[in-house]
Amino acid sequence: REESPAGFETIAMEPGPLARLPRASAPQAQPLLPVEEAIAAVTLVTGMNLTDLREGQVGRKGNPARWVTLWWLHEVTGLSQAAIGRMFAATPATVNRSLARVRARRHLDPQIAEWVGKLEGLVASGLRQKKGIIDNV
């Protein structure tokens with residue numbers, strides 16, 4: 001047993017149940033949509049093709065449709081930020097900033113609010129259960 005610093009007592013503690021879990025194996029939520037359907041929904045809702053959604057733009061205005069795409073994939077597919085970044089040639093930090101931008105602007109920017117509302121409406125209305133999710137937007 002090591003000596004405690006002056007004025008401190010060493011207490012032996014058992015680790016809790018969460019400490020016994022491997023750190024990298026956090027439970028994953030069940031994906032709401034497959035990646036292909038999630039991307040198809042974004043292209044329909046935003047009116048942009050996949051090439052445009054993959055294109056990052058430098059500057060404050062950036063590419064809001066891309067931000068919404070990255071946010072949507074994170075919300076409904078269960079993909080990690082790193083996996084989404086690999087799909088869109090972006091670093092996990094870039095994906096994280098896009099998620100933060102959508103969360104911060106979804107109630108302030110009318111265009112982002114419209115896209116997010118339509119996308120969330122797809123899942124909320126249960127269209128995933130019907131054939132042809134995209135035909136029903």
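**Exercise 1. In which helix is the place of Arg66?**

Begin with the ground rules: this is a predicted model, in which local features need pLDDT of at least 70 and side-chain atom pairs count only at pLDDT 80 or more, while totals for chains, interfaces and linings use all residues. Residues are numbered from 1 along each chain as its sequence is written, and side-chain values use heavy atoms, with hydrogens and water left out.

Step 1. Arg66 is found in helix H3, which covers residues 64-76; helices are DSSP runs of H or I with at least four residues, numbered from the N terminus.

Step 2. The relative accessibility of Arg66 is 7%, so this residue counts as buried, a word that stands for under 20% relative accessible area, whereas exposed stands for over 50% and partly exposed for the range in between, with a 1.4 Å probe and protein chains only.

**Exercise 2. Find what Arg66 touches.**

Step 1. If neighbours within four places in sequence are left aside, Arg66 is in contact (heavy atoms within 4.5 Å) with Leu53, Arg54, Glu55, Gly56, Phe88, Ala89 and Ala90.

Step 2. For one of these residues, Arg54, the backbone oxygen is reached by the side chain of Arg66 at 2.4 Å.

Step 3. Ser98 is 32 residues from Arg66 in sequence, yet the C-alpha atoms of the two are 8.0 Å apart in space.

**Exercise 3. Locate the salt bridges and describe the residues that form them.**

Step 1. The whole structure holds three salt bridges, each being a side-chain nitrogen of Lys or Arg within 4 Å of a carboxyl oxygen of Asp or Glu.

Step 2. One of them joins the side chains of Glu75 and Arg103, with 4.0 Å from N to O. Because Glu75 lies in helix H3 and Arg103 in helix H5 (residues 92-105), this pair ties together parts that are 28 residues apart in sequence. Glu75 is partly exposed at 39% relative accessible area, and Arg103 is partly exposed at 43%.

Step 3. Another is formed by Glu120 and Arg106, whose closest N and O atoms are 2.7 Å apart. Glu120 belongs to helix H6 (residues 110-124) and Arg106 to the loop between H5 and H6, so parts 14 residues apart in sequence are tied together. Glu120, at 33% relative accessibility, counts as partly exposed.

Step 4. Glu114 and Lys118 also form a salt bridge, with 3.2 Å between the closest N and O atoms. Both residues lie in helix H6, four residues apart, which is about one turn of the helix. Glu114 is partly exposed at 38% relative accessible area, and Lys118 is partly exposed at 39%.

Notes:
Helices (H or I, at least four residues) and strands (E, at least two) are DSSP runs, numbered from the N terminus. A polar contact is a pair of N or O atoms within 3.5 Å; within protein, one must be able to donate a hydrogen and the other to accept it, and residues adjacent in sequence count only if both atoms are side-chain atoms.
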